[in-house]
Amino acid sequence: MRHFIQFALPFAALVSGSAMADTFKLSSTDISQGKFMGNTHEFQGFGCAGGNASPQLSWTGAPAGTEAFAVFAYDPDAPTGSGWWHWQVVNIPKDVTTLAAGAGDPAKNATPGDSVSIKNDYGVAGFGGACPPKGHGVHRYQFTVYALSKKLELPKEASGALAGYMVRAHALASSSIEALYKRD
């Protein structure tokens, strides 16, 4: 019986964690899983001339114990050896479940409550749109929301890597939409 309990308890935790992750869902009126983003979400600069607007994002089904949210936008296909951080915003209040289109614009100061925007790889604390090198093919843009067990205490100039580490260390669940973009 003891061996059964030693096996059953971790298995039950794994199954319940998987079920919880299935109920936490990210959606958007602007981007879709596996579909190309519009020019609205292309960066303005570095040879790109898009609208540089972050997409509208909404989420539902946060697990019990959620104290804050984080939203990341990441391009794993950037030819840097480490990908490209387009957006990292942490400490979104736990009662917020939507970011409006353009909420990542640092000039609008539209992130809710005491949210903190981390400098992206363009060097700006806010959203920086897609801008893959011309002729580099299709890039994937992973928009992910994380339900956090607590608000994060980060240094004022925290790096993207540190923010990513802290978010993942305190994530109760996450959900992603992977959109695409290409410049010919």
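# Salt bridges, sheet and cores in a predicted model

Trainee: The side chain of Arg 140 meets which residue in a salt bridge of 2.8 Å, N to O?

Mentor: A salt bridge places a side-chain nitrogen of Lys or Arg within 4 Å of a carboxyl oxygen of Asp or Glu. The model is predicted, so local features need pLDDT of at least 70 and side-chain atom pairs pLDDT 80 or more, while totals for chains, interfaces and linings use all residues. Residues are numbered from 1 along each chain as its sequence is written, and side-chain values use heavy atoms, leaving out hydrogens and water. At 2.8 Å, N to O, the partner of Arg 140 is Asp 77.

Trainee: How many residues apart in sequence are the parts tied together by Arg 140 and Asp 77?

Mentor: Strands are DSSP runs of E with at least two residues, and helices are runs of H or I with at least four, both numbered from the N terminus. Because Arg 140 belongs to strand β9 and Asp 77 to the loop between β5 and β6, the pair joins parts whose separation in sequence is 63 residues.

Trainee: Which residues form the network of salt bridges that includes Arg 140?

Mentor: Arg 140 also forms a salt bridge with Glu 178, with the closest N and O atoms 4.0 Å apart. This pair links strand β10, which holds Glu 178, to strand β9, 38 residues away. Arg 140 has a relative accessible area of 32% and is partly exposed, which lies between buried (under 20%) and exposed (over 50%), with a 1.4 Å probe and protein chains only. The network consists of Arg 140, Glu 178 and Asp 77.

Trainee: Lys 119 forms a salt bridge with which residue?

Mentor: Lys 119 is partly exposed, at 46% relative accessibility, and lies in the loop between β8 and β9. The other residue lies in the loop between β9 and α2 (160-169). With the closest N and O atoms 3.8 Å apart, the partner is Glu 157.

Trainee: In the open sheet of three strands, what is the strand order?

Mentor: Two strands pair if DSSP finds at least two bridges between them. β1 and β4 (residues 57-60) pair in the antiparallel sense over three bridges, with Lys 25 bridged to Thr 60. The edge strands, each pairing on one side only, are β1 (25-27) and β7 (98-99). The pairing is antiparallel and the order is β1-β4-β7.

Trainee: How many residues make up the largest nonpolar core?

Mentor: A nonpolar core is a set of buried Ala, Val, Leu, Ile, Met, Phe, Trp, Tyr and Cys residues joined through side-chain atoms within 4.5 Å. Among the members that touch the most others are Leu 57, Trp 59, Val 71 and Phe 143. Leu 57 is in contact (heavy atoms within 4.5 Å) with residues including Leu 26, Ile 31, Val 71, Trp 87 and Phe 143. The total for this largest core is 25 residues.

Notes. Lists of a residue's contacts leave out its neighbours within four places in sequence.
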